[in-house]
Amino acid sequence: MAKPGSIPTARRIRDLEQLNDVDSILATADLDFGEGFHTTATRGDTQFTWDYESSREPLERLYEKAKTSQWNASTDLDWTIDVDIEKVSRVFTGSTGPLRTMMGDIPGSGVGRWTDKEWSEFGIEVMKWRLSQFLHGEQGALVCTAKIVETVPWIDAKYYASTQVVDEARHVEVFSRYLREKLDGEYTVNAELQLLIDDVLGDDRWDITYLGMQIMIEGLALASFGFTHAQTDEPLLKKLLRYVMADEARHVAFGVLSLKEYYEGLDGTEIRDRQEFALEAALRMRDRMFMIQVWEQMGVPRAVVGEFLTRLRATGVWFQGPLFSKIVPNCKKLGLLDAGDGWLREKFTEIGVIEYENAPDTSIEYELFDAVSSDVA
Ligand SMILES: [Fe+2]
Ligand SMILES: [Fe+2]
């Protein structure tokens, strides 16, 4: 019988210096979340409402949309497809740009001698690692959305969140099935991702579940699904991602639509706290969600991975920047970017993601992602 994980609950990093420290990143990566289970505390009161008037039209529309956009993972996807593993990650073969140069230059990495065969293996492991983090993130979303059903005070939000619970269960189902049946199993959860999910669940303010999950984690996931969809030629994965993206676009819209009004009513101190939370989540997801396990799987020593992270810092190169193309405009839409003399704008400028502020926000974008009523590939 598997043992539960033993990570202390609500481990929130307040020290931003520590967030950027390579030794701290490497130490965190080794946290053990258990062989079969991980237990964490959930905080926040359950709220009943006696106001059954569903008053916000955009949320009603989103709820109606969700009801007609349900798909069945068992029957809408062709699981008989014999997956060509090379096609899963073709993009990593041949041209890997900065990775090849930076990692190849570090003494002892061995990466400089990699041929197309190793890069191809690396590509498969990267995709497997990435899909594994999607899987674990989806379980986080499943649990967080169930918490939202309980803690959010409005009936229209409870209605919508209930549809998202079903969506997230389906997402866990498809990613786990794909990894088990087509890619031979998954990687364990990235520690930063799980710590962030634990913090979101451990916070007793209902809006933090939205901010952490719908805006930050799902915003990042939506961008990442888009890149992965563009990078793979494997038809089952491509279609699976396209279906998931259609759901996710609604979920991020749900976060923006629900929080906007609420944040307009918070005072300066309360908003500043949300800004700090958003920055902390962004920094954690930046290069703390680094695929150390993949490099190690490929035989690259831990010390070399550490050196790679140090060099990455020194150059200011941040190869995951585009993943913030959904988060920054959504923070702007919520008023978080410019509140309190633009504190978050300044921070997002410092970490090099402010350029995405005018990318489309996701409060209406979900209409474009519709998958069920159109023929998607
Ligand atoms: Fe999801
Ligand atoms: Fe979602």
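This is a predicted model: local features need pLDDT of at least 70, side-chain atom pairs count only at pLDDT 80 or more; totals for chains, interfaces and linings use all residues.
1. Residues are numbered from 1 along each chain as its sequence is written, and chains are lettered from A and ligands numbered from 1 in the order in which they are written.

2. Helix α9 (residues 206-231) packs against helix α10 (residues 235-264) at an angle of about 150 degrees, and their axes, 8 Å apart, are lines fitted to C-alpha atoms over the stretch in contact, with angles running from 0 to 180 degrees between N-to-C directions. The pair is therefore roughly antiparallel (over 145 degrees). The residues of this contact comprise 14 nonpolar, eight polar and five charged.

3. Helix α11 (residues 268-285) has 18 residues and reaches 26 Å from its first C-alpha to its last, close to the 26 Å expected at 1.5 Å a residue (1.5 Å times one less than the number of residues). Among its buried residues are F277, L279 and M285 (buried: 20 or more other C-beta atoms within 10 Å; exposed: 12 or fewer).

4. D184, in the loop between α7 (155-182) and α8 (191-202), has a positive phi of about 70 degrees although it is not a glycine; with 10 C-beta neighbours inside 10 Å, D184 counts as exposed.

5. D341, which lies in helix α15 (residues 339-350), likewise is not a glycine and has a positive phi of about 60 degrees, and D341 is exposed, with 9 other C-beta atoms within 10 Å.

Technical notes:
Helices (H or I, at least four residues) and strands (E, at least two) are DSSP runs, numbered from the N terminus. Angles under 35 degrees count as roughly parallel, over 145 as roughly antiparallel, 65 to 115 as roughly perpendicular and the rest as oblique. Ala, Val, Leu, Ile, Met, Phe, Trp, Tyr, Cys and Pro count as nonpolar, Asp, Glu, Lys and Arg as charged, and the others, Gly among them, as polar.
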